[in-house]
Amino acid sequence: MNIDWKNLPFGYMKTDYNVRTYFRDGKWGSLEVSSSERIDVHIAATSLHYGQEAFEGMKAFKGKDGKIRLFRWEENAKRMQMSARGILMQEVPTEVFRKAIYKVIRMNERFIPPYGSGASLYIRPLLFGSGPQVGVKPADEYLFMVFVTPVGPYFKEGFKPVKMLLTKEFDRAAPLGTGRFKVGGNYAASLTSMKKAHEMGFANVLYLDSKEKKYIDECGPANFFGIKNNTYITPKSDSILPSITNMSLITLAEEMGLKTERRLVEEGELASFEEVGACGTAAVISPIGKIVDETGKEFFYGDEPGTISTKLYNRLLAIQTGDAADPFGWVEIVE
Ligand code: PLP
Ligand code: COI
């Protein structure tokens, strides 16, 4: 196996195994291990017709000591349960989730990028309605599966400032809709705006709240934060994904002596931030160098990452990889 670990994109690579389990006849079955990348799905599965699908994203890292570290998986298990409740799917019990991710990580150990490569093993659990319905109803049968793939940085720039398109032409999620769940439909809804952003030379989109078009919501695949006056500020909104990275950065910012605020962030406030960034599992922290709206109005933050964003990024990665002790109990060693 000859993988160029240092130049991995954020993409799919075939690994040795994936795991799956069905919810049928009112109970979860045993965990199956498969080496096939295919699944056999009913033509009337609710996921295919009515979007009954949710997914998660986590990372595992190889430490200097050779141990495998998994970051805050229980939060992902909880969030997947919340997503399942949000679109009336069967919830995956935490213990089933844990067994599945541990199994798939261990069975694909040779795909975990080596310490120091800057890459990690991305873990992608997904849950969907596999049982048939033709009327709009939840399925009776569900499939939960997990695959892994080694990944590099989500934004090709790595830890370098990116440009974001602040869009007023598109919404990602409705105010009382599914924005706070990690369901596939939200990502389908984001594709046209992201395509436009990419074509215009932007890394991604920054959405405003879809009711008033006045407050910052989040980026396509990540939450948003801004820093000013020694304060870490992140939008409060019911239609954004509750990011586990963002929650962790709030803790780390407090540890560093910053104040933290989760509140409405008006578009006009963008002009006053000293640093801004996107944060998420895939993106980690992606500093934002420039935000431009569709009328050409620009907010500029700099061509280099800001001091506080850099500190937060280094501290988070040090905990995730085991370079620093983990005072918060966020990291679990996969034995
Ligand atoms: N917001 C959206 C829309 C996302 O897809 C993600 C990625 O999971 C995030 C935010 C970041 O969440 P987390 O930090 O839990 O990965
Ligand atoms: C993640 O950060 O895990 C994501 O899911 C972002 C994107 C790939 C959807």
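Me: By class, which residues does the shell around ligand 1 have?
Reply: Its shell has 6 nonpolar, 6 polar and 4 charged residues. Here Ala, Val, Leu, Ile, Met, Phe, Trp, Tyr, Cys and Pro count as nonpolar, Asp, Glu, Lys and Arg as charged, and the others, Gly among them, as polar.

Me: What sort of model is this, and how is it numbered?
Reply: It is a predicted model, in which local features need pLDDT of at least 70 and side-chain atom pairs count only at pLDDT 80 or more, while totals for chains, interfaces and linings use all residues. Residues are numbered from 1 along each chain as its sequence is written, chains are lettered from A and ligands numbered from 1 in the order in which they are written, and side-chain values use heavy atoms, with hydrogens and water left out.

Me: Back to ligand 1. Which residues come nearest?
Reply: Tyr 187, Glu 218, Ser 243, Thr 245 and Thr 281, out of 16 residues around ligand 1. A residue is near a molecule if one of its heavy atoms lies within 4 Å of it.

Me: How much of ligand 1 does the protein bury?
Reply: Taken alone, ligand 1 exposes 380 Å², and the protein buries 96% of that. These accessible areas come from the Shrake-Rupley method with a 1.4 Å probe.

Me: Now ligand 2. Where does it lie?
Reply: Ligand 2 lies between domain 1 (5-151) and domain 2 (162-319), because both give residues to its shell. The domain bounds come from an automatic or database domain assignment.

Me: Which residues surround ligand 2?
Reply: Among them are Phe 10, Phe 55, Arg 124, Lys 182 and Tyr 187. By class, this shell has 7 nonpolar, 2 polar and 2 charged residues.

Me: And which polar atoms lie by its oxygen atoms?
Reply: A polar side-chain atom of Tyr 122 lies 2.7 Å from an oxygen atom of ligand 2, and one of Lys 182 lies 2.8 Å from an oxygen atom. A polar backbone atom of Ala 282 is 2.8 Å from an oxygen atom of ligand 2. Alone, ligand 2 exposes 280 Å², of which the protein buries 90%.

Me: Different topic. How many disulfides?
Reply: The count is 0, where a disulfide is a pair of cysteine sulfur atoms within 2.5 Å.

Me: Is Cys 219 buried or exposed?
Reply: Cys 219 counts as buried at 1% relative accessibility, and Cys 279 is buried at 0%. Buried means under 20% relative accessible area, exposed over 50%, and partly exposed in between (1.4 Å probe, protein chains only).

Me: Where is Asp 25?
Reply: Asp 25 is in the loop between strand S1 (18-24) and strand S2 (27-28), and is exposed, at 76% relative accessible area. Its C-alpha is 7.8 Å from that of Asp 140, though 115 residues separate the two in sequence.

Definitions and conventions: A polar contact is a pair of N or O atoms within 3.5 Å; within protein, one must be able to donate a hydrogen and the other to accept it, and residues adjacent in sequence count only if both atoms are side-chain atoms. Helices (H or I, at least four residues) and strands (E, at least two) are DSSP runs, numbered from the N terminus.
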